[in-house]
Protein chains: 2
Amino acid sequence: MRTLLLATILLVSTPFFSQSDDEKQIRAIYDLSLTNGKAYDWLNHLSNQIGGRLSGSVQAQQAVDYTKGQLDSLGLDRVWLQPVMVPKWVRGTPEFAYIETKPGLTTNVPICALGGSVATPEGGLKANIIEVQGIEDLEKLGKEKIAGKIVFYNRPMDPTQISTFSAYSGCVDQRYSGAAEAGKYGASGVIVRSMNLRLDNYPHTGSMSYGDTPVSSRIPAAAISTKGAELLSTTLTLNPEIKFYFKQNCKQFNDVQSYNVIGEIKGSTYPNEIMLVGGHLDSWDLGDGSHDDGAGVVQSMDVLRLIKANGYKPKRTLRVVLFMNEENGLRGGNKYAEVAKSKNENHVFALESDAGGFTPRGFSFDCTDENFNQVLGWKKLFEPYLIHMFIKGGSGADIGPLKTDELVLAGLRPDSQRYFDHHHAENDTFEHVNKRELELGAATMASLVYLMDKYGTIQSKKIKG
Amino acid sequence: MRTLLLATILLVSTPFFSQSDDEKQIRAIYDLSLTNGKAYDWLNHLSNQIGGRLSGSVQAQQAVDYTKGQLDSLGLDRVWLQPVMVPKWVRGTPEFAYIETKPGLTTNVPICALGGSVATPEGGLKANIIEVQGIEDLEKLGKEKIAGKIVFYNRPMDPTQISTFSAYSGCVDQRYSGAAEAGKYGASGVIVRSMNLRLDNYPHTGSMSYGDTPVSSRIPAAAISTKGAELLSTTLTLNPEIKFYFKQNCKQFNDVQSYNVIGEIKGSTYPNEIMLVGGHLDSWDLGDGSHDDGAGVVQSMDVLRLIKANGYKPKRTLRVVLFMNEENGLRGGNKYAEVAKSKNENHVFALESDAGGFTPRGFSFDCTDENFNQVLGWKKLFEPYLIHMFIKGGSGADIGPLKTDELVLAGLRPDSQRYFDHHHAENDTFEHVNKRELELGAATMASLVYLMDKYGTIQSKKIKG
């Protein structure tokens, strides 16, 4: 009976009007995004008029100019470019590879150089090839069996992981460190199975690192399509003596000047509390970078536009940051955090969208339990939009350098099933982004930003209280 | 303190071992589906070797033969064909249409005849055209303004509906009854905006009915692509006197013999309690029917295979039913229910997949609160697979005729955002189905079937108890 009474009191004391007001604001955000969103038009331009935007490229600069111009047109309080030096790696002429079963009998396979790789010798590299299931196999084989050969990393992504990002995490060490590690055993080159759950003919690039390997000892590394990997593996099983040939003439140049693109709406009440929403403006060069991360860029831009267009005036400063060079350096994210620190800026919330423009399922939060519990209290407001996933976990690479104990970091979590079909490959293109799915993502982000602004994070409440 | 004690007791008294067993069974189902699913291969054959399977067509018969053969190969206890007479409507040669701004100045637009429509006169139909936003506009306009003209139904699907099926429900009366209603006002033909949220060039067909309109008074009806509808509407605004021309020579033939395809695993303990899982084998003729409903067919088939392959022996009889003629008649669903009734069969659970092969989000249940509450108790078991949606609502058209007060009817609910991009159109094709998404759907269905079998529905418990 007492419990019942308590429940009644709690019900009565719930800020009912406020709740209903939140429902209305969020409904208005979704309605506007789905009927009059700008994200899809912006993405169309980024993808189809500009295209792949690798750091240091002409297209990356065009993307800076275009998005700054679009932010300028939104009537924000301030739009600016934040200078950052970025690496410039260029793929060169298309890569070429084949399996040589015996002299004169060859089968071409689709490959692409990994980002940051060195070139092969001018005439290409031909050598015996040895398949491994991961870096840990190298030690077992030893120098004797590896020296002079091309190492073929063929551990596939685990299809039983429901989150494809978990499957990616379980494999990507082969791509990132495979060349540096194989080089220690005298390998002449590295071929890595593409980070893709599907069997197809697209090789998927992505960043790799030579660690502290001296320049003269670096060996070339390329990704092979999943179908190519299956063919190579089968051929190797039949005849371990086959040779593999590949040729690539990619090159690392000196760092060049580039920019993060930033726009903000000044907070009406707490202008020194900054809420950041962002994605990364650079992309790989093979496709047009629509999912990775054109989608996150245009969604983040539209968050500010949607909030403004709905007549909501944020109490805290709302900033959109389009980061440069997430893919092969994270220079933009690091520079942004460095400048923020030097200016003693107070970031209370940062949200990144960098997991594709697919149907949003929820958010992942990197924050204290206290802040996470506050967010869980808002879950019901998202149910009408089929947003169910509120989990603790990572946020986004670009906002990671801002991390403090009290900052709430978050990442949009779209449905991940198709992400790695397109990720870093030639088929990461505009036609694979669905307008509604993209717009639902923007609205979902804007709704969370609205709630964070209205109620503040635990940190911002403490400052006030 | 007491509360804490109670919580401890509750924890201890929870059937922990049993729960853990369910978790293992469901994990095994998902693992098998994602690593060794058959659904995608079957769909490949249905879509790419057979193609569109309109009732009464050669392809529909090929689909019957193929799926029966595949079920035969699974080692089920019984596989059979259930005869059913189905309508045979044939599209004929490709439709053709244009907007005539003035004599000699024409713009072609993409159209397709609605399923069940009559042909235009042999030379086509040319008339003035009048745009309406729905059937309710006809009365306002009256015979005077409609007689002799083509009525153009142009109410778009509402983009602010998060469920695209809700948006579809709000529009489809134009397609289904538009011709019968406009005919009453003397219209000469009907053009309907395609049921599609996206702007593109694909016209979407679908069933329509003339109701009790005498054959001699039936007017031809076609769907126009959404881009075509936009162009037509704009052109009409500029000049209401334009003419519209269209030509189609579709035809209704006499009913022909066809079949539902059925397979079953006999229940080990309660063989007279039937659990049904199914989809519809027929499709429209423009695409290859991969999402509608090839996906549901192959998922349903794989439910039995997955359960069997995992070594689980159902206590109740598990039956897969591949219904014929959902699209333009529902004859298969009606026949199945009629036979079930005549044999006094006891169906306790029926699950249909007919909403596309997209990432599964959950289920919709048509059942008593008592049964629904039992299902809600299983929700946690689905969380690792990102299945969150357990709602009351409709189930599936084919299983609807089985409805009784105590039967649990359910429909798989995949993500709906892209469904109407493809529904009933030329681009409902295999390449738009993602293998993992399809397999996740099959596993989600099989998991629910497993739980229903293990715990029984409230009805089956009452029979036993």
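How many salt bridges are there between chain A and chain B? The count is 2. Keep in mind as you look around that this is a predicted model.

## Where the two chains meet

Let's start with the contact itself. Chain A puts in 27 residues, and chain B puts in 27 residues as well. Together the two chains bury about 2500 Å² between them, and 55% of that area sits on carbon and sulfur atoms. Three residues do a lot of the work on one side: Ile162(A), Arg361(A) and Arg436(A) supply 27% of the area that chain A buries against chain B, more than any other three residues.

If you wonder why an area is quoted here, the size of an interface is often given as the accessible area lost when the parts come together.

## What holds hands across the gap

One salt bridge to find on your screen joins the side chains of Arg418(A) and Glu437(B), with 2.7 Å from N to O. There are also 16 residue pairs in polar contact between chain A and chain B, counting pairs with both residues at pLDDT 80 or more.

Which parts of chain A each supply at least two residues to the side that touches chain B? They are α2 (16-36), β14 (360-366) and α14 (435-455). Of these, α2(A) gives the most, with 5 residues. Sorted by class, this side of chain A has 11 nonpolar, 8 polar and 8 charged residues.

## A covered strand and its neighbours

Now have a look at strand β16 of chain A, residues 408-414. It's mostly covered, with 6 of its 7 residues buried. Strand β13 (residues 346-352) of chain A runs parallel to β16(A), and 4 bridges join them.

## A serine tucked into a loop

Is Ser225(A) buried or exposed? Ser225(A) counts as buried because its relative accessible area is 0%, and the cut-off for buried is under 20%. You'll find Ser225(A) in the loop between β8 (221-224) and α8 (226-238) of chain A.

Its side chain reaches the backbone nitrogen of Gly228(A) at 3.0 Å. Leaving out residues up to four places away in sequence, Ser225(A) touches Pro110(A), Ser194(A), Asp200(A), Asn201(A), Tyr202(A) and Pro203(A).

How values were computed: Residues are numbered from 1 along each chain as its sequence is written. Chains are lettered from A and ligands numbered from 1 in the order in which they are written. This is a predicted model: local features need pLDDT of at least 70, side-chain atom pairs count only at pLDDT 80 or more; totals for chains, interfaces and linings use all residues. Side-chain values use heavy atoms; hydrogens and water are left out. Contact means heavy atoms within 4.5 Å. Buried area is the accessible area (1.4 Å probe) that two parts lose on being put together, summed over both. A salt bridge is a side-chain nitrogen of Lys or Arg within 4 Å of a carboxyl oxygen of Asp or Glu. A polar contact is a pair of N or O atoms within 3.5 Å; within protein, one must be able to donate a hydrogen and the other to accept it, and residues adjacent in sequence count only if both atoms are side-chain atoms. Ala, Val, Leu, Ile, Met, Phe, Trp, Tyr, Cys and Pro count as nonpolar, Asp, Glu, Lys and Arg as charged, and the others, Gly among them, as polar. Buried means under 20% relative accessible area, exposed over 50%, partly exposed in between (1.4 Å probe, protein chains only). Two strands pair if DSSP finds at least two bridges between them.
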